[in-house]
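Me: I would like to go through this structure by question and answer, with the terms spelled out as they come up.

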Amino acid sequence: QARLAQDVAKLETDKARARHKPTVDLVASYGAVRYPQGNPQSMYPGVPSHGNQASIGVQMTWSLYAGGAVQNRVRETLALEDKASADYQDAERQITQAVRSAWLNLQAGRAQVKALEAAEASAQSALDANLLGYQAAWFATVWGAMLPIL
């Protein structure tokens, strides 16, 4: 979206610069005149009359001086183009930062999973060792109590 805004700003600058150039237009018109009661200015004022008129032409317009409006518009569009370019660069930086942050979060998540798996294995090993210790203590207690009897 920022790239498109930058492209549009460049096109607007080109359009503003083109206002110095001549324009060529196709001009057409059509007119109909009807006097149902007669034309009072004609030779026969009481006779109904009508007329059609059509014209077509090419019109060329070349601005000699616009009072600085064209130059001001070009300066304005250049400033807007600079702003669009800065917005585009900012969007690129934000996207790069977001991708980098997501990648680092993924790597941190993987490391955390490995650490939790290692902690689970360690806790299981400690549990097994404690269980073995309790069993040994129980057997020692039971055998220690039975030895004087035997």
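Me: Which side chain meets aspartate 87 in a salt bridge?
Reply: The model is predicted, so local features need pLDDT of at least 70 and side-chain atom pairs count only at pLDDT 80 or more, while totals for chains, interfaces and linings use all residues. Residues are numbered from 1 along each chain as its sequence is written, and side-chain values use heavy atoms, with hydrogens and water left out. A salt bridge here is a side-chain nitrogen of Lys or Arg within 4 Å of a carboxyl oxygen of Asp or Glu. At 2.8 Å from N to O, the partner of aspartate 87 is lysine 83.

Me: By how much of the helix are aspartate 87 and lysine 83 separated?
Reply: Helices (H or I, at least four residues) and strands (E, at least two) are DSSP runs, numbered from the N terminus. Both residues belong to helix H2 and are 4 residues apart, so the separation is about one helical turn.

Me: Is aspartate 87 buried, exposed or partly exposed?
Reply: Buried means under 20% relative accessible area and exposed over 50%, with partly exposed in between (1.4 Å probe, protein chains only). The relative accessibility of aspartate 87 is 38%, and therefore this residue counts as partly exposed.

Me: How many residues apart in sequence are the parts that glutamate 12 and arginine 73 tie together?
Reply: The side chains of glutamate 12 and arginine 73 meet in a salt bridge at 3.3 Å, N to O. Because glutamate 12 lies in helix H1 and arginine 73 in helix H2 (residues 69-146), the pair ties together parts whose separation in sequence is 61 residues.

Me: Which residues are linked in a network of salt bridges?
Reply: Glutamate 12 also meets lysine 15 in a salt bridge of 4.0 Å, N to O, and these two residues lie 3 residues apart in helix H1. The network links Glu12, Lys15, Arg73 and Glu76.

Me: With which residues is glutamine 6 in contact, leaving aside its neighbours within four places in sequence?
Reply: Glutamine 6 has its place in helix H1 (residues 2-17), and its 13% relative accessibility is why it counts as buried. Contact means heavy atoms within 4.5 Å. With those neighbours left aside, glutamine 6 is in contact with Ala84, Ser85 and Tyr88.

Me: What is the radius of gyration of the protein chain?
Reply: The radius of gyration is taken over C-alpha atoms, and the globule rule is 2.2 Å times the number of residues to the power 0.38. A compact globule of 150 residues would come near 15 Å, whereas the protein chain has 46 Å.
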